[in-house]
Amino acid sequence: MQKKNKGYNRRDFLATVGGVAAAGLLGKAGLPLNAQDNPDPKKDAKEGKQPITRVLGRTGLRVPIVSMGVMNADNPALVRRSFEMGIRHFDTAWGYQKGRNEEMVGSVLKELKARDQVVIATKVPPGRPEMMDQMGDRLVEEEFLARFDQSLARLQTDHVEILYVHNISDPRMLKRPGIVSAVEKLKKAKKAHFVGFSTHTNMAECIEAAVPLDRFDVILTSVNYSMADDTALLDAMARAAKAGIGVVAMKTQCKQAWSKESGAAGPEYHEGSVWHAALLKWALRLESVATAIPGYTTFQQLETDWPVAFNLDYSAEEAKFLADPGVKLALAGVCRQCGGCAGTCPQGVDVPALVRAHMYAADYGNFPEMRRALDEIPAGHGLPICAGCRECTAVCVRHVQVARRLEELKAIFA
Ligand code: SF4
Ligand code: SF4
């Protein structure tokens, strides 16, 4: 369990949890989560009594800075407990757990009669670019709308607050007819109150391209401490926030760096919770970030992540962790999904996509998501090509052990 932070401890936390839930963080009228719900956010947050809340850009939605990335969770009790503690923004996707993730969110919120007290964000994939070219704009739009209707049915609601176009890595997709018309129709019909996109690869370029379009209200981006020197990304996020786009952080805790196999960070970090809180705080201390969606899967992780919403000061342990040279070394081996290894396979394999699929399996133990990531790779560029390859010559532009990761992926399917 995390040790005391300045001005905040576990007893305060438990007392506050009850208080937040009982008082109704979102106010009696439910959404929008506006200032009246937290009359003096700075004062309350300083005293550790209320979670820090921020407004999600032009959406006007005010949410606690710690939200729930539901993706890897399959326990309804964890979603329920998160709501009871005060979390009010739940992030899921059409594709997670083949729809069961959305179903879980929908049924828990129904059971809690909490639909009007929360922000639901879901993501719909636009389809593979090469398929979209064959389909034509009208079919692309129909397919997207049909998927979104499935999402609404699973979530047992007639709208979501945030709809993301899922997994944008090519800025051209932000202007793609079919997708643009679909999200505009959904927004007009108030089925999606706000629209945005998620990005895990080539984030800086995608975010920069989105700002002048003035089409997207929210952007969900990977960002974590391993990217502290990625000025292109951090500047793009700052520009987006300044333009009124709500910036949501994901993949904040770069779990891959703290595994025993990395060997870089000290063993004291492998099991403890210091890194969880320190890394989440690092992301939330970025001025551009409105909220983060840590993908916790256990009650213990929830009890580590949620207190971060009350106090972003680093504890002495957390500050030591962030300054530790071993930690910095471990971070150098974290994949940023920069795409720099694309083209380094002589057989044309989509190496960044494989490394990402490996991350789902190794970091989150989420094998269905790994499978989904693999299935999204166009034929002739995926793992089957690697099966007949004796020695991997694909390389990372940083320090990620690409060959080892691909060997592990191959072993899963051997
Ligand atoms: S493995 Fe390296 S080059 Fe490839 S996407 Fe990750 S960080 Fe970039
Ligand atoms: S294992 Fe061989 S085919 Fe696969 S990415 Fe590496 S070099 Fe390419």
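Helices α4 (residues 100–111) and α6 (residues 137–155) cross at roughly 40°, with their axes coming within 7 Å. Bear in mind that this is a predicted model, with local features needing pLDDT of at least 70 and side-chain atom pairs counting only at pLDDT 80 or more, while totals for chains, interfaces and linings use all residues. Residues are numbered from 1 along each chain as written, chains are lettered from A and ligands numbered from 1 in written order, and side-chain values use heavy atoms, without hydrogens and water.

Helices here are DSSP runs of H or I with at least four residues, numbered from the N terminus. Axes are lines fitted to C-alpha atoms over the stretch in contact, and angles run from 0 to 180 degrees between N-to-C directions. Under 35 degrees counts as roughly parallel, over 145 as roughly antiparallel, 65 to 115 as roughly perpendicular, and the rest as oblique. So α4 and α6 are oblique to each other. Their contact (heavy atoms within 4.5 Å) uses Glu102, Glu103, Val105 and Gly106 of α4 with Ser151, Arg154 and Leu155 of α6.

Next come α11 (residues 274–284) and α13 (residues 316–323), whose axes are 9 Å apart at about 80°. That pair is therefore roughly perpendicular. On the α11 side, the contact residues include Trp275 and Lys281, and on the α13 side they include Glu317 and Phe321.

Now for the ligands. Around ligand 1 (a heavy atom within 4 Å) you'll find, among others, Cys335, Cys338, Cys341, Cys396 and Arg336. The shell around ligand 2 includes Cys345, Cys386, Cys389, Cys392 and Thr393.

Note on methods
Helix = DSSP H or I, 4+ residues; strand = E, 2+ residues; numbered from the N terminus.
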